[in-house]
2 protein chains.
Amino acid sequence: MKQLLLSLLIFSSFAPTYSQTDEDIEQIAKIYEQMLTNSSCHDWLRYLCKNIGGRLGGSPQYAAAVRYTSEVFKDMGVDRVWTQPVEVPYWERGEVEKARIVNSRQVGTHELAVAALGFSGGTGPMGVTGEVIEVQSLDELEKMSVGKVRGKIVFFNRPMDATRINTFHAYGRAGDQRTSGPRKAAKMGALATITRSLTLKYDDVPHSGVTIFGDQKPIPAVGIGLKSADFLSALLKKESKVRVNITLSCAHMGKRISHNVIGEIKGSKYPNEIIVVGGHLDSWDIGEGAHDDGAGVVQAMEVLNQMIKMELKPQRTIRCVLFANEENGMYGATVYADKAKEKGEKHIAALESDAGGHTPRGFTMDAQKDLLKPSYATAQEWRSVLAPYGLYYLQTGGSAADISKLKSHGAVLFGFRPDSQRYFDFHHARTDVFENVHKRELVLGAASMGALVYLIDKYGFENSKKD
Amino acid sequence: MKQLLLSLLIFSSFAPTYSQTDEDIEQIAKIYEQMLTNSSCHDWLRYLCKNIGGRLGGSPQYAAAVRYTSEVFKDMGVDRVWTQPVEVPYWERGEVEKARIVNSRQVGTHELAVAALGFSGGTGPMGVTGEVIEVQSLDELEKMSVGKVRGKIVFFNRPMDATRINTFHAYGRAGDQRTSGPRKAAKMGALATITRSLTLKYDDVPHSGVTIFGDQKPIPAVGIGLKSADFLSALLKKESKVRVNITLSCAHMGKRISHNVIGEIKGSKYPNEIIVVGGHLDSWDIGEGAHDDGAGVVQAMEVLNQMIKMELKPQRTIRCVLFANEENGMYGATVYADKAKEKGEKHIAALESDAGGHTPRGFTMDAQKDLLKPSYATAQEWRSVLAPYGLYYLQTGGSAADISKLKSHGAVLFGFRPDSQRYFDFHHARTDVFENVHKRELVLGAASMGALVYLIDKYGFENSKKD
């Protein structure tokens, strides 16, 4: 309580018009209490990870996750559960993915730790072999003559910037090497690409993730573990020509149908005003999609589950949306937004958890220009009741990929922001498994989201009706 | 930068008199940059954990840690390194610690996961066997008749309160069962005690930690893993009498000499004003003392190391103190404070890291009554330059055990506060090992401490000279 009072004092200057009611303080305490002593999300995550596993859009595992989460929604007793078909491009990794340095003067043959990037082209069983050229950026590549790149394996080796405190900022600034590098290299006639894994953890675990070829014919493209990357880079300084063989069995498999999964609690007073809480149900196929984004999925589901258990009757409709194929195209998000527009649905707010199941820090906010300022002012007023739970962070900025399409619908968007330090240790890697999610941190995230949804439902924004 | 500006805006209301200078913003950015790209603390921690291991006060391992850290101080080029002898009580765990349910109707013989509490009495090789009575609190025990307790094994089984957001608060409220329970039980003639481990992680790892017998003759006292505790408790509901055999080879070994280790950088302008930054060098003997408090030790050392590397010349004397036997008596802290008083040294501030090597959240502050208010006001003004590094938390409250003795010397005390969610997963258990410390989180902690020391040194408090 002392902590709470002090926090109120600290944040009182933010709250010229709102003074947190005893009801809010009490209700949010109850949400946390309930979640911390009696939540299901950790068990749901275990099932998603251990019984289903990696859930790439279009895969049988993804379909199993649709069935499972639909059942969980029904069991918890939401008012309505449905799915939305989404056509997604399907890609399979297959059994083989390897790379090795060949015929080196210094090291002979040397295995490198690699994983195919999502949508990478495959190779025949003998693989492709070529000389490696290292670049630090797409710029550096584009300045090279096509003659120098043609037939080569382009090695993008710029590390993430360790001096960024928020690791997502470091990721953002290095990510083009994975998302766009292979396409640019392919355009210049490169044989294949190797991208330094987007992580700050110094190990030899390769990280995957999407690469986008667009109209360009895919070439083999792998992510490489940091120790392997440094090994290769050091060798390139010693030998004028280093040749690498890459063998990948991955293949593009055409289109498949996946589904968004939606569970809904009808609003008691303003049923036509919708608040979305969500995550994406798909994940990369290596690992179990535990932090990305199994955590977000089960946290969002828990928000509805606890509302029902606690017999909280929201004024507005609370809709939990589990989006299809965030990782390989975001068509799930597009379908959801298009359907909503078609039906003339009014989304007043959306909150997504897609930054891992780590200890909560706060939220980012986004909205159309005129809506953002007053909405931010409203949310600022809630700081005093959120700060005792460690939710000090509230800043404008991008929310999350899937809900971003609802911005143009006039919704106020929130991205849940857990601590970022560990996220890229596991991201898109075989280490993104259930065991690396901390139960209490996961649950605190669900509670943080529950608290925010409670406040949004109660107070609304400029875009919603007031009592 | 956008993040920084927004933070400045958010916290501007706290800063009526101070406006952070460009120099502060730049200098603190440099400290973080340097630490995040070129720090030694993770390597030092590896050595402390892997080459030395658990460092109980009075043990040969503790002596090795004194030698090692003294050498590191010399190598980094501090102005002065010295040690202070501290007489400590020495206790050895020995090879055997086990407990088992015997002659149960339901389960026959059943092993329980236990670890002797520090200063527990030992048993002969056959152990002691007695009937178990379960209590939820010391109060409940004290209300029992001596006749009911005599010759029994008292089982303290109150769980930590999972609804506390800060796990240290939950620890504080359950801790009496370990620190004082065995003494109270011994006073009532109990044969031995079993205490539910002070953790929120549901596993079967027993946690140790000090228990204080004072003038009471020690009896065997163990911590028990949560799963074993629940198993025992469930059995007690089914069988009227449950008997347990406890066998411990631990023993009190009299007094030994340990040492505080101190490294110092002389102040350029006010050399007689001392700022202490520290942690405790001792740890429990099970595990490696990684989070408790190897992390704090190496973070404190890193503060001095980076000052030297960056050629920051502090105005005041910065003294890194590695305290002896925090875990088993705090005599190191007493010796340090007494010596300081003897010499008439002026300590203006002290900062200790003894809450684990997890992701930084902020600081607590403490001081004598008249000093606290103006010092807190001063520190509040620094929020704007600390917030971009995730250091949002600054509240009055207890700092840390070792430096608390400097409060009466007129020092302003700071406790470094990392996120608390994972700390008690490992605390005083065999799982408190190097692998469970996250390098980047550890280093960010050192940087946070470095930033605060920079500000204290530059601006001082009411108790120090001003430019």
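The structure is a predicted model.

**Exercise 1. Determine where B:His428 lies and whether it is buried or exposed.**

Solution. Begin with the position in the chain. B:His428 belongs to the loop between helix H15 (423-426) and helix H16 (439-459) of chain B. Next, consider the backbone: the phi of B:His428 is positive, about 60°, although the residue is not a glycine. For comparison, most residues other than glycine have a negative phi. Finally, apply the cut-off, by which a residue is buried if 20 or more other C-beta atoms lie within 10 Å of its own. B:His428 is buried because 28 other C-beta atoms are within 10 Å.

**Exercise 2. Carry out the analysis for A:Asn325: what is its phi, and in which loop does it lie?**

Solution. The phi of A:Asn325 is near 35°, a positive value in a residue other than glycine. A:Asn325 is placed in the loop between strand E12 (316-323) and helix H12 (331-342) of chain A. A:Asn325 has 30 C-beta neighbours inside 10 Å and therefore counts as buried.

**Exercise 3. Identify the cis peptide bonds at Asp293 of chains A and B, and the helices concerned.**

Solution. In chain A, the bond joining A:Asp292 and A:Asp293 is cis, with omega about 0°. A:Asp293 is part of helix H11 (residues 290-309) of chain A. In chain B, a cis peptide bond links B:Asp292 to B:Asp293, again with omega about 0°. B:Asp293 is found in helix H11 (residues 290-309) of chain B. As background, most peptide bonds are trans.

**Exercise 4. Describe the open sheet of chain B that contains E1 and E15, and the helices that pack on it.**

Solution. The eight strands run E1-E10-E12-E11-E13-E16-E14-E15 in chain B, with mixed pairing. The edges are strand E1 (80-92) and strand E15 (393-396) of chain B, each of which pairs on one side only. On average, neighbouring strands are turned by 20° against each other, direction ignored.

Second, examine one pair. Strand E11 (residues 270-280) and strand E12 (residues 316-323) of chain B run parallel and are joined by eight bridges. Within this pair, B:Gly279 has B:Leu322 of E12(B) as its bridge partner.

Helix H4 (residues 60-76) of chain B touches E1, strand E10 (251-265) and E12 of chain B, and its direction makes about 5° with that of E10(B). Helix H12 (residues 331-342) of chain B lies across E1, E10, E12 and strand E13 (346-352) of chain B, at about 140° to E1(B).

**Exercise 5. Describe the open sheet of chain B that contains E3 and E4.**

Solution. Its eight strands follow the order E3-E2-E9-E5-E6-E7-E8-E4 in chain B, and the pairing is mixed. Strand E3 (108-112) and strand E4 (114-116) of chain B form the edges. The twist averages 30° from one strand to the next. Strand E2 (residues 97-104) of chain B pairs with E3(B) in the antiparallel sense over four bridges, and B:Ala99 has B:Leu112 of E3(B) as its bridge partner. Helix H10 (residues 226-238) of chain B lies across several strands, among them E2 and E3, and runs at about 85° to E5(B).

Note on methods: Residues numbered from 1 in each chain as written. Chains lettered and ligands numbered in written order. Predicted model: local features only at pLDDT ≥ 70, side-chain atom pairs only at ≥ 80, totals over all residues. Pairing = 2+ DSSP bridges. Helix = DSSP H or I, 4+ residues; strand = E, 2+ residues; numbered from the N terminus. Axes fitted to C-alpha atoms, helices over the stretch in contact; angles between N-to-C directions. Contact = placed C-beta atoms within 7 Å. Buried ≥ 20, exposed ≤ 12 C-beta atoms within 10 Å, placed from the backbone.
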